[in-house]
Each structure stands twice: as structure tokens, then as C-alpha cells.
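Subject: A structure for you to explore

Hi there,

I am handing over a structure that I have been looking through. Please open it and keep it beside you while you read my notes.

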Amino acid sequence: MKFILMRSMLLLALLHYGISSACSAFLLKGNDYCVIGFNENWKTMPGMIVVNKRGIAKRNISWENLTSRHLNAEKEWQSLYGSITFNLLGYDFPCYGVNEKGLFLVELSLEETTKVFNPTQPNMFWAQWIQYQLDNYKSVQEVIDHLNGGPNIDWWPSAGGSHFFVTDAKGNTATIALLNGKYKVLTGKDMPMPLLCNNQYKKDIERVQRFDFLGGNEKFDLGQQNKWEDRYSKAYYMLYSYKYDKKPVEYAWNVLNSVYAGEWQTVIDVKKMNLYFRSDLKKELKQLILLNSIFQNRPL
């Protein structure tokens, strides 16, 4: 019965994933602030917030494991870091989350995604792959360094995949896409604005560069950027225009709500390690003080 229930939940999630999985993620950063903003547009999908502890023994789970009775694990590890995750499919299957060292990772749908296959590594379902990174690494560079030697990301069998937006406590950012059988990583100078939606990063950057505020020939009018495909340009302009006012968390909420308010919304003040969130079902703003109340003084 549990097996049938899990399969039904996965098929339901897959249906919604193909229809409505569009999101936006960014990092608003400066000398005195570092704030993550994320809109999840999944059209009233159920979910839960999970506190993932350190020192927990885990094993890899692939799509085959999830949809059959073949449960033999090929990879095992023990979580090094605790994390808070927002999960659609159950424990250890987050859509996004942040660990106690400030590493944040989220997936955003990307139709052009392909599979990167390393025959020496096991397959791991994409949602667990996110948890694996949060369990094991504390910086963007560590995630990048272990991509090719890590588990193969296992996608839904009949839907587009995703690319990933990654940030850390020092304000480093990266986008990770799987294109033409290889990991395509952009960071540093190749990622002039820490912002990602549902197109390949360079395509959105090329599109926004046509506007006058970046030296292009087309006049940008914030009030006219109301279409779904305008999310990136609108968010870029708002992030580009921010003048530090000691209220970056409030400004991050303004960006999220102005771009296209998600069904799930999350803002993380990385400097203070405070997390704020709300959903379409519970619209009031809620807060988690991550280090002070959840992970502090918990043994490894």
C-alpha cells in the first residue's frame, strides 16, 4: 500500500511539474548584506519543511528505486551538516534548502536539460541530489569541485529537467546546468547578476542587455514588464537599481512580489542566518532563526 501511495504521489507531482514548474531565484548582496530570494510557482502543491540533522546515515535513491521494488543502494554517506529544506515528495527529497554553513541550493525547471552520466557513479533522483549537496558541502566551490565525481542526477522519465542556483555564506553564486551531456557551470564574471529563472542563463542575460539601463537601445519601463516571460528582466532591473537602505530583506520581498509572487516564497538573510517564508495556503509571514534555535549546540 505504501508503495502504491508513493507512486501515486510521484505521478501527481510529475503532472504538475510539467505544467507549472516555473520559478525565480536571486541573491541581493553588498558589503553589509547577503539576502536570498526565491519564488516557487507550483500551483498549490502540498509540501513540508524538514529539519535535517547531522550525523544521519543515508543511501542513494534513484528513479528506479522510487518506482520499483529494486532498493539496493550503491552509495552511502553520513550527513556532515544540518539543513532546513522545503520538500514536495517527502523526507530527503527537497526542492530547495539551506544548510547550517549557509549553502543554499534550489532547482528551477529547464527544458533543455540532458543527462550527465559517469559510469563509475550511481544514479540519484534530482531531489535527493539537492539534499546530498546540503549534507556534504559548505561552499559553492565545494559543490562545483565534486560535480563530475558525484552521483549522476536522475530526472523524471518523461519531463524536462532542471538547472540549479547555488549560493553560500560568503556571497558566492553559481548556476549549474546539464547541457549536451556535460555540466555547464557559470560563476564569477560569467554570472554578472546572481539571478536565475527558467531559461538558460546566457539567453536571459542577452535579452536584458537590449534595454537602455544596461546600454541597449530599447527603453525599459518597469510598469510594462507584466508578462510571464518578463520576470527575469524585471528582477534584474530591481536588483540592479537597489540602493542600500539597511532593509535588504524587505527589498527582497518587494522583488519577489513584483516579479511574480510564487505559491511558496522564501527569503534568507545569510548574514544573520534568518529564514522567512510563506505559502499561498498560509499567507502570513513566518520566520526561522536558523543557527540560534535549530542547530546551535547540536553535536555532530
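Below are my notes on a sheet, some helix pairs and a pair of rings.

One thing to keep in mind is that this is a predicted model.

Let's begin with the sheet. Strands of a sheet pair through backbone hydrogen bonds, either parallel or antiparallel. Here, seven strands form an open sheet in the order β3-β6-β7-β8-β11-β12-β13, and the pairing is antiparallel. At the edges are β3 (48–52) and β13 (182–187), each of which pairs on one side only. From one strand to the next, the twist averages 20 degrees.

Next come the helix pairs. Two packed helices are described by the angle between their axes and the distance between the axes. For α5 (residues 201–208) and α6, the angle is about 70 degrees and the axes are 10 Å apart. These two helices are therefore roughly perpendicular to each other, and α5 passes α6 in a right-handed crossing. On the α5 side, Tyr201, Asp204, Ile205, Arg207 and Val208 meet Tyr232, Ser233 and Tyr236 of α6. By class, this contact has five nonpolar, one polar and two charged residues.

Helix α6 (residues 231–240) also packs with α7 (residues 248–260), at an angle of about 155 degrees and with the axes 9 Å apart. So α6 and α7 are roughly antiparallel to each other. Their crossing is right-handed. Among the residues that meet are Arg231, Lys234 and Met238 in α6, and Tyr251, Asn254 and Val259 in α7. The contact of α6 with α7 counts seven nonpolar, two polar and two charged residues.

Finally, have a look at the rings. The count comes to 25 aromatic pairs. One of them is formed by tyrosine 33 and tyrosine 244, which are stacked, with 4.9 Å from centre to centre and 15 degrees between the planes.

Enjoy exploring!

Best wishes

Methods
Residues are numbered from 1 along each chain as its sequence is written. This is a predicted model: local features need pLDDT of at least 70, side-chain atom pairs count only at pLDDT 80 or more; totals for chains, interfaces and linings use all residues. Side-chain values use heavy atoms; hydrogens and water are left out. Two strands pair if DSSP finds at least two bridges between them. Helices (H or I, at least four residues) and strands (E, at least two) are DSSP runs, numbered from the N terminus. Axes are lines fitted to C-alpha atoms, for helices over the stretch in contact, and angles run from 0 to 180 degrees between N-to-C directions. Angles under 35 degrees count as roughly parallel, over 145 as roughly antiparallel, 65 to 115 as roughly perpendicular and the rest as oblique. A crossing is left-handed if the near helix is turned anticlockwise from the far one by less than a right angle, and right-handed if clockwise. Contact means heavy atoms within 4.5 Å. Ala, Val, Leu, Ile, Met, Phe, Trp, Tyr, Cys and Pro count as nonpolar, Asp, Glu, Lys and Arg as charged, and the others, Gly among them, as polar. Rings of Phe, Tyr and Trp (its six-membered ring) pair if their centres lie within 6.5 Å; planes under 30 degrees apart count as stacked, over 60 as edge-to-face and the rest as tilted.
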